[in-house]
Amino acid sequence: MKGKTRRREQYWVGAASLLCIGMILSACDRQEERAERANTLLESAMDQIGGRGPADVRGIPLDRLAVNERAIAGFVQASAGTSNVSGVRPARYAIGSLIAKPRRIAAMQEAVLSEELQAAIDADVTAADTDITEEAKSEGGIRAQSPRGLGPPPKPPAPVIQNRAAMRASRRLARAPEIREIQRDTRTKMLDAIDRLGIDGSVRASSGGNMVIDLFADATQFDGDGSELPLFSSEIHRGCPEDVTREMMQDDKALATDCLVQVLQASGEYEYCERDYIFEHQFARRPADNGVSIGMEPNDPLWDLQWNFRNYGDEEGRSIGGTGFVDFWTRHDLQGTRDVTVAVVDTGLALSHPDITASPNIAPGWDMVSDPAMGNDGDGRDSDPNDPGDLCNPNAPFASDSFHGSHVAGTIGAAATNNGTGVAGGSWEVTIVPVRALGKCGGRLSDINDAIRWAGGVIPAEGANGEEVWNENPADIINLSIGLFESCPASLQDAIDTVVERGAVVVSAAGNARLSTEFYSPGGCANVITVAAGDARGYITPYSNFGDDVDVIAPGGDLARDDNGDGRPDGILSTKPAKFCTDPVTGADVDTCYYAYEQGTSMAAPHVSAALALIAAKYPEMTGAELESTLLSILDPRTTEQCAAECAQYPGATPIPDQPGMCLRSCGDGWLNLENLPD
């Protein structure tokens with residue numbers, strides 16, 4: 001399914017709801033008191049956000065900080081063009097790995113959901129059920145709580161009933177013996193099919209109802225030096241010839257994978273059967289030797305380098321690429337709440353990072369990387385979401401671990417904010433659940449599917465002794481800063497739909513391939529908020545994907561630009577252990593540091609996740625769908641110029657009338673701007 005028609009309808013509902021909220025609040029507003037309070041809050045917030053914080057650390061200049069607290073990695077790139085931006089990389093899949101869902105399980109899931117929904121309606125859920133309790137939270141009703149101190153809470157609206165029914169159905173199915181029986185029967189049939197093809201393999205059941213087939217024991221292993229073996233293939237649609245033999249499949253493992261897909265699909269017993277694609281993080285890479293290291297020389301903390309969170313405008317202290325976070329923190333007297341949970345499905349977290357170690361916002365997560373070689377930590381799935389590094393080929397020039405998840409999570413709120421050093425996050429108080437699904441050389445679709453479901457609280461993980469381990473903080477928002485050059489896989493769409501039915505909001509990076517998101521996933525999947533990347537002017541960046549599936553454009557950064565003229569790259573600064581750093585005070589080279597500028601739609605998506613977390617903190621009674629529509633109703637429209645580009649460089653973009661050679665790269669409903677949220 002393409003397009004986002006469901007959210008287009010919600011947009012207008014959300015806009016009307018916000019108008020009503022604004023009218024009600026304005027009627028009882030005390031203008032003079034508000035003005036005085038706002039001025040006080042603004043002064044306080046700017047002290048705190050700027051790293052001046054408590055009295056004992058207020059005003060500490062950079063030259064009084066230790067080098068490891070102030071050093072930053074980042075380069076101003078030599079070219080602002082698109083020729084040196086990482087382009088399209090063909091979709092890869094793990095040879096010998098398949099994902100399939102039996103039709104019988106799909107039918108049972110649909111029937112159980114229908115039963116739970118009808119039971120909830122018949123029971124006429126009581127008003128007391130809407131009040132947030134630990135039991136309600138464990139059942140996934142996080143967005144169903146009602147305002148405190150406003151009298152008896154109202155009867156839950158239909159979406160809340162549906163979300164709770166979906167959660168109960170998912171947890172009921174996770175434990176259902178009927179599902180286990182179908183999976184055992186399916187496993188036998190799959191092993192028979194593998195045997196008939198004359199190849200070896202194993203079959204395992206997933207908690208989400210899927211079956212995962214692994215052919216050939218060494219199909220996703222790596223050479224001793226860490227370089228990638230040719231066991232990830234990009235030849236996805238070549239098919240299986242009629243005259244195929246066992247010998248041919250033994251010699252060609254990719255061919256054996258294709259043939260097994262064809263055999264299983266032809267049986268008619270599966271809702272879907274597909275290759276186990278390899279997803280990648282969405283940093284937009286440029287050749288490192290094209291840049292020059294820049295010394296920063298500011299006399300204030302690292303907040304001064306975070307143009308992306310500032311209020312919109314060209315006055316002092318504002319940014320043309322600002323997103324109004326300062327306005328939200330100040331005007332609403334709110335910097336977030338830990339009652340809101342954001343799951344980051346990514347490479348994990350660098351848990352030893354000083355801004356992350358000190359942060360009270362980190363909740364227990366999970367490592368969903370099943371292949372020990374890809375996991376790079378000596379084992380498979382476990383309770384440790386620490387990021388040990390994901391370097392694929394150490395022989396590649398300027399190769400290094402990405403620590404991608406740490407950068408993404410830092411923008412949302414994993415970084416300890418208001419602590420006098422380091423960087424600020426979008427939500428100062430939030431619960432971050434790190435779910436590691438990408439490792440060495442990327443992440444398998446089968447792992448990502450389970451990571452999404454576990455993050456949403458609809459399936460358990462398996463503990464060390466085989467016990468069920470549920471996410472104790474089911475996500476309100478799930479951030480997917482990952483990408484694959486392939487239309488949305490059926491199993492991925494299934495996982496997304498499951499958590500959205502439960503009430504979660506899924507935010508996805510649009511991708512960095514400079515093409516339409518309809519050819520990319522998860523940005524091209526249904527039921528996600530797809531985020532394109534903008535620069536410090538509010539223009540779409542050269543590397544960003546675009547198209548009808550894009551909903552929002554938000555700061556992703558452009559390391560080739562310096563539009564505010566401060567001599568620093570217009571990237572997104574966040575928490576990332578890095579190499580090849582610079583001391584901003586002395587200009588000296590520093591081997592390693594804890595903060596780095598990066599660019600990509602991966603950087604844009606967490607701005608939207610952080611904004612949703614703040615809106616959820618402001619309006620805790622909103623459902624996931626209402627959060628979405630509210631976000632879409634506060635965007636600043638973009639002009640044609642802000643989304644234009646040369647047609648020759650962006651296949652599939654829409655030609656602009658009366659502008660020969662220029663095309664429109666559709667970049668959503670508008671630019672993220674929290675200043676538009678009513679009081």
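What follows is a short walk through a predicted model, from its strands to its cores, rings and charged pairs.

Begin with strand β7, which covers residues 270-281. The strand is mostly covered, with 9 of its 12 residues buried. Several strands pair with β7. Strand β3, residues 92-102, runs antiparallel to β7 and meets it over 7 bridges. Here Pro-102 has Tyr-270 of β7 as its bridge partner. Strand β12, residues 443-444, also pairs with β7 in the antiparallel sense, over 2 bridges. In that pairing Phe-279 faces Gly-443 of β12. Strand β16, residues 482-483, is joined to β7 by 2 bridges and is antiparallel to it. His-281 has Ile-482 of β16 as its partner.

Asp-276 and Arg-444 form it, with their closest N and O atoms 3.1 Å apart. Asp-276 belongs to β7 and Arg-444 to β12, so this pair ties together parts that are 168 residues apart in sequence. Both Asp-276 and Arg-444 are buried.

Now move to another sheet. It is open and has 3 strands, in the order β22-β24-β23, with antiparallel pairing. The edge strands are β22 (644-646) and β23 (654-655); each has a single partner strand, so one side of each is left without a neighbour in the sheet. Strand β24, residues 662-664, pairs with β22 over 3 bridges. Within this sheet, Ala-645 stands opposite Cys-663 of β24.

The largest core has 55 residues. Among those with the most contacts inside it are Phe-325, Trp-329, Val-608 and Leu-612. Helix α16, residues 601-618, gives the largest share of this core, 12 residues. A second, separate core has 41 residues, including Ile-99, Met-368, Leu-445 and Val-528.

Leaving aside residues up to four places away in sequence, Phe-325 touches Phe-309, His-607, Ala-611 and Leu-614, among others. Phe-325 also belongs to an aromatic cluster with Trp-303, Phe-309, Trp-329 and Trp-428.

The structure holds 9 aromatic pairs. One of them, Phe-309 with Trp-329, is tilted, at 6.3 Å centre to centre and 55° between the planes. This pair links distant parts of the chain, 20 residues apart: Phe-309 is in the loop between β8 (291-293) and α10 (325-331), and Trp-329 is in helix α10. Phe-309 and Trp-329 are both buried.

Helix α10 also holds a charged pair. Asp-327 and Arg-331 both lie in this helix, 4 residues apart, about one turn. Their side chains meet in a salt bridge, 2.8 Å from N to O. Asp-327 has a relative accessible area of 16%; buried means under 20%, so Asp-327 counts as buried.

Across the whole structure there are 28 salt bridges. Another joins Glu-115 to Arg-172, with the closest N and O atoms 2.8 Å apart. Glu-115 is in helix α4 (residues 103-122) and Arg-172 in helix α6 (residues 158-174), so the pair ties together parts 57 residues apart in sequence. Glu-115 is partly exposed, at 44% relative accessibility. Arg-172 is partly exposed as well, at 38%.

Technical notes:
Residues are numbered from 1 along each chain as its sequence is written. This is a predicted model: local features need pLDDT of at least 70, side-chain atom pairs count only at pLDDT 80 or more; totals for chains, interfaces and linings use all residues. Side-chain values use heavy atoms; hydrogens and water are left out. Two strands pair if DSSP finds at least two bridges between them. Buried means under 20% relative accessible area, exposed over 50%, partly exposed in between (1.4 Å probe, protein chains only). A nonpolar core is a set of buried Ala, Val, Leu, Ile, Met, Phe, Trp, Tyr and Cys residues joined through side-chain atoms within 4.5 Å. Contact means heavy atoms within 4.5 Å. Rings of Phe, Tyr and Trp (its six-membered ring) pair if their centres lie within 6.5 Å; planes under 30 degrees apart count as stacked, over 60 as edge-to-face and the rest as tilted. A salt bridge is a side-chain nitrogen of Lys or Arg within 4 Å of a carboxyl oxygen of Asp or Glu.
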